[in-house]
Amino acid sequence: NSRNVAALGGIVSVYYGGTLIGALIAGSLADRMGRIKAVVFGCLWALLGAVLQASAYNITWMCFGRVISGVGVGAIDCVVPVCPAEVSSHSARGAFLAIEFFMNIGGLALAYWIEYFAYLDPNHEMAWRTPLALQIIFILVIGVGINFFPESPRWLMKMGREEEARNVLKATRDADVEYELRGIKKVVKYELETSGANHYVAMLFPKDKYSRQLRWRVVLAVWLQIMQELVGIGVITVYAVDLFQDAGFEEQMSKLLAGFNNISYMFSVIFAVITLDRYGRRCNTPLQDSDFQTTS
């Protein structure tokens, strides 16, 4: 009935509201405390949210857990792509980000198939609690494992820890790192001189040329993400089973089609891994969009 549909939509949407809050918090936190601590911060929130969701006994409880989990995932999703971008060399940066996204979609596909097989459990309550509880394992792996990764050399340089930044570059590069280190130092120095503009309010209401340029870059990045969602990928990812059923497929077949859709979604990212650094970001965007429309 309409009440159940509204409740389902609310449970799904409050999670994304939490991710927005988490991303806004983590961006500032990553600049003050470092990328690794910001990821750990996100994992703590995601862990609490997972526990609350897996133990929920009413809609209010579940929605609260979804918001908490969303804050954690938003923080993780905000900071994790920055880590390989700042640690990897410029020649492999696109491939690193594409591989990270490949693993992201791989996790989405794995989560779906866990849910699919859990649904076969005659105990319907455990069928939905089990997938929600299993995410705790992956959250712990990220929260603990990230501490064994090097901190961003860019952030270390910003904090005045030049020798540590040099050591990170030496550990992740084959060539001489002094030229790159000087470039990072120059950029960081400029950012510190214009630090007053690197805040959310200054980005929205610029007062000088640098702030206006920064706002344009932020608006461009935000609208690229918004337009990406408006093509319908979010709806297909979340409501694929319902969409296939509305198209006339039986429930079991709809679930299988949704699972294979996630797998094809994951493998389509391999195209970006190969081509991002070779042909650039702009050339890949229309190709990926056409590929998405074909698969949809």
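## Close-up views of a predicted model

**View 1. Arg 129 lies in helix 6, which runs over residues 124-145.** The model shown in this and every other view is predicted. Is Arg 129 buried or exposed? With a relative accessibility of 9%, Arg 129 counts as buried, because the cut-off for buried is under 20%. Once neighbours within four places in sequence are set aside, the residues in contact with Arg 129 are Ala 54, Ser 55, Ala 56 and Tyr 57.

**View 2. Gly 34 sits in the loop between helix 1 (2-33) and helix 2 (35-54).** The relative accessibility of Gly 34 is 0%, so this residue counts as buried. Which residues does Gly 34 touch, not counting those up to four places away in sequence? They are Leu 29, Glu 151 and Trp 155. Between Gly 34 and Ala 133 there are 29 Å in space, C-alpha to C-alpha, and the two are 99 residues apart in sequence.

**View 3. Ser 13 belongs to helix 1.** Ser 13 has 40% relative accessibility and therefore counts as partly exposed. Along the chain, Ser 13 and Val 67 are 54 residues apart, and a distance of 9.1 Å separates their C-alpha atoms.

**View 4. Helix 5 (residues 93-119) crosses helix 12.** The axes of these two helices come within 8 Å and cross at roughly 160°. Helix 5 and helix 12 are therefore roughly antiparallel to each other, since angles over 145 degrees count as such. The crossing in which helix 5 passes helix 12 is left-handed. On the helix 5 side, the residues that meet helix 12 include Phe 101, Phe 102, Trp 113 and Tyr 119. On the helix 12 side, the residues that meet helix 5 include Glu 251, Leu 256, Phe 260 and Phe 267.

**View 5. Helix 8 (residues 162-172) packs with helix 9 (residues 178-193).** The angle between them is about 135°, and their axes are 10 Å apart. That makes helix 8 oblique to helix 9. The crossing of helix 8 past helix 9 is right-handed.

**View 6. Helix 9 has a buried face and an exposed one.** At 1.5 Å a residue, its 16 residues should span 22 Å, which agrees with the 22 Å between its end C-alpha atoms. Where do the buried residues of helix 9 fall? Leu 181, Ile 184 and Val 188 are buried. Seen down the axis, the buried residues of helix 9 lie within an arc of 65°, so they line one face of the helix. Helix 7 (153-158) and helix 8 are among the elements that cover these buried residues. Turned away from the buried side is a face with the exposed residues Tyr 179, Arg 182, Lys 186, Lys 189 and Glu 193.

Key: Residues are numbered from 1 along each chain as its sequence is written. This is a predicted model: local features need pLDDT of at least 70, side-chain atom pairs count only at pLDDT 80 or more; totals for chains, interfaces and linings use all residues. Side-chain values use heavy atoms; hydrogens and water are left out. Axes are lines fitted to C-alpha atoms, for helices over the stretch in contact, and angles run from 0 to 180 degrees between N-to-C directions. Helices (H or I, at least four residues) and strands (E, at least two) are DSSP runs, numbered from the N terminus. Angles under 35 degrees count as roughly parallel, over 145 as roughly antiparallel, 65 to 115 as roughly perpendicular and the rest as oblique. A crossing is left-handed if the near helix is turned anticlockwise from the far one by less than a right angle, and right-handed if clockwise. Contact means heavy atoms within 4.5 Å. Buried means under 20% relative accessible area, exposed over 50%, partly exposed in between (1.4 Å probe, protein chains only). The expected span of a helix is 1.5 Å times one less than its number of residues. The arc is that of the directions from the helix axis to the C-beta atoms.
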